[in-house]
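Please read the points below with the sequence and the structure side by side.

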Amino acid sequence: MGKITGFMEYERIEEGYKPVPERVKHYKEFVVGLDQEQAKIQGARCMDCGTPFCNNGCPVNNVIPDFNDLVYRQDWVSAIEVLHSTNNFPEFTGRICPAPCEAACVLNINNDPIGIKSIEHAIIDRAWEEGWVVPRPARHKTGRKVAVVGAGPAGMAAAQQLARAGHDVTLFEKNDRVGGLLRYGIPDFKMEKSHIDRRVEQMKAEGVVFRTGVVVGAAKDPLGKGSKVTNLAKETVTPEQLKKEFDAVLLTGGAEQSRDLPAPGRELDGIHFAMEFLPQQNRVNAGDKVKGQLSASGKHVIVIGGGDTGSDCVGTSNRHGAASVTQFELMPMPPEQENKPLVWPYWPYKLRTSSSHEEGCEREFAISTKEFIGEKGKVTGLKTVQVEFKDGRFVEVPDTEKIYKADLVLLAMGFVSPVAPVLDAFGIEKDARGNAKATVDFTGGYATNVEKVFAAGDMRRGQSLVVWAIREGRQAARAVDEFLMGFSDLPR
Ligand SMILES: Cc1cc2nc3c(=O)[nH]c(=O)nc-3n(C[C@H](O)[C@H](O)[C@H](O)COP(=O)(O)OP(=O)(O)OC[C@H]3O[C@@H](n4cnc5c(N)ncnc54)[C@H](O)[C@@H]3O)c2cc1C
Ligand code: SF4
């Protein structure tokens, strides 16, 4: 344990942000992490609880009390070893995880939780700076070949674990670059993409073969006819080819099918899915030319959907120079402060104001869009109504109809399921929500109904979090290793 009386002596220290007027001018990260002394003080607050709820609240089960203590003692080399023992990519989660561990921290019952995420961030950034993050190739090769389909955080974590277990791993990705939604979804100002590139280099040195621009699926229309998910892949590989060439296949293709809003006027120009808008900006940031890039510049933007994706649309629209940005949320405004004794150690339902909201945005709650209004085929506004939740459904509040001006509408209402054709092409059973059906049992977990084909990440559990994708990738890697070798030394 860090300092026995630390939790009584020291306050939580929040990471800082660069000022709004400065940061909205660019797409670079703007979080100012803790320095070593601040991280030490944060570590000193940890009580090394008999039952560390933080560790259970963390989807990858990070060994939090141990790295808190190590940072307090300034043993950073051991701290990164502990952190890497449960998490392949702490630089991703240290930046963009909502930190369910902090909600579960025992100190959160009657005080501010330990800044666990900021400590994680400090450890991994220092480790990269000091050159402590190096390739760890397997000592022995098994001669078994594994195909991983989809290079988001789930696929990357699985590929790294499987390569370290000695298998020959090929990671297939339909996009031109690796990273999944981390690359073409999450804006650079939340996580710069050089963090992914560094890991790709590390994984290549560990033997992972990356095949980008290759879509796996049926030879004809691998993503389905008329799919909204753009297929920029230059090559198609069929399930038959994969099953013939590889000893096991792991599907980690994510859940890319965006939820639509089929209200009257939906066909008007100027109404787009968030995932048409956000990836374009990430491409431009990467130096690509995007013909006819969607722009929010000088426009009145309405973002429909109050979650992370919506918030990312707000931040990006402000950087484009939008005339105004308004975000709609169907649910009523949550309480500013949760009832801690009631909800701890679970993830609390409370009002969350992101750094993008702070940059400028009107937020409307309990609001539903009845109609998109337009002129000459272009959206000019939205007709809305206030709603309340009654008897298990939303009902309109009489006399609350209102017209909002809008030149650009971004639909950010979540994702319904994976893009089905790849699952259909493999003949994989789906659950009620259209995700790949596979359990997470210790034995036989992540296996689908198709011999030697496994599934993990958002493709199995539905749209979730990066930290869950990493967990599923790691666990699925163990399941595949066990399937191939009869046992596995990979951690659960
Ligand atoms: C805008 C946005 C913001 C988000 N913000 C956060 C956040 O702040 N914090 C957080 O924790 N989570 C966030 N998330 C959620 C998080 O990004 C996802 O839960 C996570 O990336 C899922 O990882 P995955 O590896 O399962 O799938 P994905 O990241 O979706 O990766 C799947 C990959 O598979 C590829 N693929 C799919 N089908 C095929 C095929 N047939 N052949 C070849 N390749 C294929 C795709 O191109 C993609 O690259 C956000 C999501 C979005 C959209
Ligand atoms: S629950 Fe909080 S105080 Fe307790 S061990 Fe975990 S981080 Fe430390």
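**Notes on the predicted model**

1. The protein chain is assigned domain 1 (6-130), domain 2 (145-257 + 416-485) and domain 3 (260-413), with bounds that come from an automatic or database domain assignment. The centres of domain 1 and domain 2, taken over C-alpha atoms, are 29 Å apart, and their contact (heavy atoms within 4.5 Å) takes 23 residues from domain 1 and 25 residues from domain 2.

2. This is a predicted model, in which local features need pLDDT of at least 70 and side-chain atom pairs count only at pLDDT 80 or more, while totals for chains, interfaces and linings use all residues. Residues are numbered from 1 along each chain as its sequence is written, chains are lettered from A and ligands numbered from 1 in the order in which they are written, and side-chain values use heavy atoms, with hydrogens and water left out.

3. Ligand 1 has 36 residues around it, the closest being I96, A154, E173, V216 and D458; a residue belongs to such a shell if one of its heavy atoms lies within 4 Å. Because domain 2 (145-257 + 416-485) and domain 3 (260-413) both give residues to this shell, ligand 1 lies between them.

4. At least two residues of the shell around ligand 1 come from each of α10 (153-164), β6 (214-216), α13 (274-285), α14 (308-320) and α19 (466-485), where helices (H or I, at least four residues) and strands (E, at least two) are DSSP runs numbered from the N terminus.

5. Which residues surround ligand 2? They are C46, M47, D48, C49, C54, I64, P65, N68, C105, V106, I114 and I116, and helix α5 (residues 64-72) gives the largest share of this shell, three residues.

6. V200 sits in helix α11 (residues 194-205) and, at 9% relative accessibility, counts as buried, a label for residues under 20% relative accessible area (1.4 Å probe, protein chains only). Leaving aside residues up to four places away in sequence, V200 touches M156, V178 and F210. The C-alpha atoms of V200 and V178 are 7.8 Å apart, although 22 residues separate the two along the chain.

How values were computed
Buried means under 20% relative accessible area, exposed over 50%, partly exposed in between (1.4 Å probe, protein chains only).
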